[in-house]
Amino acid sequence: SSNSLCAPEHCHQSVPGAAAGDFWKRTKKVFMQGLRQDGYKVPAEQRSLLTRQNYTLRPLSSVGALSVLKVLDVSWQPIAVFVAALLAQTMVHSKFLSILVLSVFLVFPAMELLVLLIGVVAAAIWRGVRWKAVLFWTWWPFWKLVLCVGAAAVAMTFGDFLWNNNFLPARLIDRMQVYQSINPLNANVTGLRLQDAGAITFDRNSGVDRMMTGCFVDTTTFCVAAITSVSEKAGRLIPSDLSQYDLFMTGTDCCECPGEFRCGDWNHPGEHLGGLRETDPRKEKFYKLATADFAAAYGKSVKYPIFLQWHNEPLEALQYLKSNANSNRALALVTTPFLIVVLVVVLNGLLQLLMFLQIAGPHKPPTGDGMLGRMGQKLLPSMYNYQREEQEATGPSFPSRYVQF
């Protein structure tokens, strides 16, 4: 310019508009010519980076950091698996239904990991993979499947425990009859007449002869004590001698074999003696062996044994059995999802640490082509979206002939 106060060779003027593009092109051309003239050997991949026309600096470093929505996106499947499996186990206890429900929820996490692993193998064979990217992109598919399988295992185990110890006994006893004011001395009170008994209360003249016991040991000690009629003499309760013993209080690991019976409400006196029916078939089998020991030891007749758990207030005990089952299930349905979310946050922190240590990273994800690529775009959209953004930011690259570490 004629108004310039400095010599042209000393002035630094901006290059507007299209001139800026020409300036950068000339600079790169001179630089590349200098490299060739100086004899530097520039690999094809680096030369392609130098000759690209893309200069954008898009923020790709945020990948791998989970937002609240992403945490929920990773957590909802394990949570759904746990809730569905626990409800199936405790409400209907159908193995077929449980397997069907779990198959529906587990198929997608399993397919995500399978498609990704196939893509890794294919990429390793044909064009090479970055193992940092493999670790990064398999992180959440792998842990999502592990969390789903773990949630299913915990739900099935805990649900089976609740079913066998709470829900099933409560349902079976609900379908049975309640007998009140029973006296074993009555000739009509036999095991045959009480086969449909679910809860029994006895009159004031009934008691448990805790020294007249039978037992059977099979790792666990199965104990039985005879329920009999008692009478008071000189301030002491004297058990009556019955012609047939069919009513027994039961318990496990609560008696000396042979010896004193200390099971159930033996030290909680109440207005009446009572009990709930034992509904576990496996325990009933061992209790029958214990009554055989009782019959042999005391020379007594046992024809139709009825086994009871000692509860002086059996109806209250039944109600507690139901409420305890429901409260334990509700507690599991509340706490387990929270624990899953916490575990996802911890795993995300571990992934961030691996990225900080440069052990894992998202650059060059192991994507597939053809049908595998189309499946991957459906199952792993974040990985393919990242690859597209990376290509838009850096331009296409030349495939490597070797596996990249």
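Helices (H or I, at least four residues) and strands (E, at least two) are DSSP runs, numbered from the N terminus. This is a predicted model, in which local features need pLDDT of at least 70, side-chain atom pairs count only at pLDDT 80 or more, and totals for chains, interfaces and linings use all residues. Residues are numbered from 1 along each chain as its sequence is written, and side-chain values use heavy atoms, with hydrogens and water left out.

**Exercise 1. Helix 6, end to end**

Solution. 
Step 1. Begin at the start of the helix. A side-chain oxygen of aspartate 280 comes to within 3.0 Å of the backbone nitrogen of arginine 282. This is a polar contact (a pair of N or O atoms within 3.5 Å; within protein, one must be able to donate a hydrogen and the other to accept it, and residues adjacent in sequence count only if both atoms are side-chain atoms).
Step 2. Check the span. The expected span is 1.5 Å times one less than the number of residues.
Step 3. List the buried residues. They are Phe286, Tyr287, Ala290, Thr291, Phe294 and Ala295. Buried means under 20% relative accessible area, exposed over 50%, partly exposed in between (1.4 Å probe, protein chains only).
Step 4. Find their partners. These buried residues pack against strand 3 (206–218), strand 4 (220–233), strand 6 (247–252) and strand 8 (306–310). Contact means heavy atoms within 4.5 Å.
Step 5. Leave the helix. Just after helix 6, glycine 299 has a positive phi of about 65°.

**Exercise 2. Positive phi outside glycine**

Task: Which values of phi do threonine 219 and aspartate 253 take, and are these residues buried or exposed?

Solution. 
Step 1. Take threonine 219. Its phi is near 70°, a positive value in a residue other than glycine. Threonine 219 sits in the loop between strand 3 and strand 4. Its relative accessibility is 81%, so threonine 219 counts as exposed.
Step 2. Take aspartate 253. Its phi is near 55°, again positive in a residue other than glycine. Aspartate 253 is in the loop between strand 6 and strand 7. Its relative accessibility is 54%, so aspartate 253 counts as exposed.

**Exercise 3. How helix 3 packs**

Task: How is helix 3 (residues 68–91) oriented against helix 5 (residues 131–174) and against helix 7?

Solution. 
Step 1. Pair helix 3 with helix 5. They pack at an angle of about 20°, with axes 7 Å apart. Helix 3 is therefore roughly parallel to helix 5. Angles under 35 degrees count as roughly parallel, over 145 as roughly antiparallel, 65 to 115 as roughly perpendicular and the rest as oblique. Axes are lines fitted to C-alpha atoms, for helices over the stretch in contact, and angles run from 0 to 180 degrees between N-to-C directions.
Step 2. Assign the hand. Helix 3 passes helix 5 in a right-handed crossing. A crossing is left-handed if the near helix is turned anticlockwise from the far one by less than a right angle, and right-handed if clockwise.
Step 3. Pair helix 3 with helix 7 (residues 314–356). The angle is about 155°, and the axes are 9 Å apart. The two helices are therefore roughly antiparallel. Their crossing is right-handed.
Step 4. Residues of helix 3 including Val71, Phe82 and Met91 meet a set in helix 7, among them Arg329, Pro337 and Val345.
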